[in-house]
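Keep the 3D view open as you read.

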Amino acid sequence: MDPCNIDWNEVWKGTLERQLKSNKNVDCSSIWQNKDRARRFWKMFQDNNAKVITEKRIKGMKLSSDSRVLDIGSGPGTLAIPIAQQVAHVTAVEPSDGMMSIMQENIKEYGINNINCVHKDWEAIDVESDLSAPYDVVFASYSLGMKDIRTSVQKMIDASSRYVYLYWFAGETSWDAHSRRLWPFLHGCEYQPAPKCDVLYNVLYNMGIYPNVEVFPFEHVHRYSTFEEAVEDFKSYYNVTSSTQETILRTYLKGILAVDNGNLIQRGWSTRVKMWWEKQTE
């Protein structure tokens, strides 16, 4: 097959559809409907090491005090909250109830008054009616679970007056590795990972976009005060709904969780990619 004739958007879409099927039609955003899980995600990025990583990611964007920023898939405000303290305005788009609830709590706690929250899926967003475009910086940080990635990226471009940043994954993540081992026992089928940055790059290339690319390692820690807390958290990650599946999960977690300062931890790793470009003006 001539690679020039491959529809990479269809490759992306087909891979996501197979992932959804292998996950019994539970999409990634549904994991974050639970408010307690969203709060744990927020806390995971509040330790010193995680804050250093967050600060580095923010410094890697071309921001200024008068910037207007669009954060797509903002989660609990991991980036939106600290960015809002440095710029003129942030619009934060987030589809899940749990994440949006925690972000609004964080906005109040930090006394932020320049974030506009849009509780909606990006693919359902209308740039003209739902947003206050254009934005100097538009970014999507590990939130690209969009079936029609080409249309979604084009919408980001339409909302931007200058810069677009995309963060995604390269190669197998620790999450993929654990899921690959567990899926046949939990769900009776092979695990299907999400499409990675190679497909994304080719989608951009076919759109006439030749982004700057930076590759870097990333490590994170899931921390739990009890084993039961860990089980409840990972049940959603692995779409565990039956007692038989839970028994399998409990056995697996006992083998991978470590003790650290009285807590149970699970270390995760991945190789990540930052793609960005400056919008061409006519």
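A residue counts as exposed when its relative accessible area is over 50%, as buried when that area is under 20%, and as partly exposed in between. Keep in mind that this is a predicted model. Asn261 is exposed, because its relative accessible area is 73%. Asn261 sits in the loop between strand S7 (258-260) and strand S8 (263-278), and has a positive phi of about 50° although it is not a glycine.

Tyr142 also deserves a look: its phi is positive, about 55°, and it is not a glycine either. Tyr142 belongs to the loop between S4 and helix H7 (149-159). Is Tyr142 buried or exposed? With a relative accessible area of 18%, Tyr142 is buried. One more backbone feature is the cis peptide bond from Ala133 to Pro134, with omega near 5°. You will find Pro134 in the loop between helix H6 (127-130) and strand S4 (135-141).

Now for the interior. In soluble globular proteins, nonpolar side chains tend to be buried together. Here the largest nonpolar core has 83 residues, and Leu131, Leu144, Met156 and Leu166 have the most contacts inside it. Strand S5 gives the most to this core, with 8 residues. Leaving aside residues up to four places away in sequence, Met156 touches several partners, including Ile72, Trp122, Leu144 and Leu166.

A search of the whole structure finds 18 aromatic pairs. One of them joins Trp12 and Trp168 in a tilted arrangement, 5.9 Å centre to centre with 40° between the planes. Since Trp12 lies in helix H1 (residues 8-22) and Trp168 in strand S5 (residues 160-170), the pair ties together parts that are 156 residues apart in sequence. Both Trp12 and Trp168 are buried. Elsewhere, ring pairs link Trp175, Trp183, Tyr191, Tyr224, Phe234, Tyr237 and Tyr238 into a cluster.

Charges meet rings as well. The charged end of Arg272 sits over the ring of Phe218, 3.9 Å from its centre, and that of Arg57 sits over the ring of Tyr167, 5.8 Å from the centre.

Finally, turn to helix H2 (residues 35-44), whose buried residues are Arg37, Ala38, Trp42 and Met44. They cover an arc of only 160° around the axis, so they lie on the same side of H2.

Notes
Residues numbered from 1 in each chain as written. Predicted model: local features only at pLDDT ≥ 70, side-chain atom pairs only at ≥ 80, totals over all residues. Heavy atoms only, no water. Phe/Tyr/Trp six-rings, centres within 6.5 Å; stacked < 30°, edge-to-face > 60°. Helix = DSSP H or I, 4+ residues; strand = E, 2+ residues; numbered from the N terminus. Buried < 20%, exposed > 50% of the residue type's maximum accessible area, 1.4 Å probe, protein only. Lys NZ or Arg CZ within 6 Å of the ring centre and 35° of its normal. Core = buried A, V, L, I, M, F, W, Y, C linked by side-chain atoms within 4.5 Å. Contact = heavy atoms within 4.5 Å. Arc of directions from axis to C-beta.
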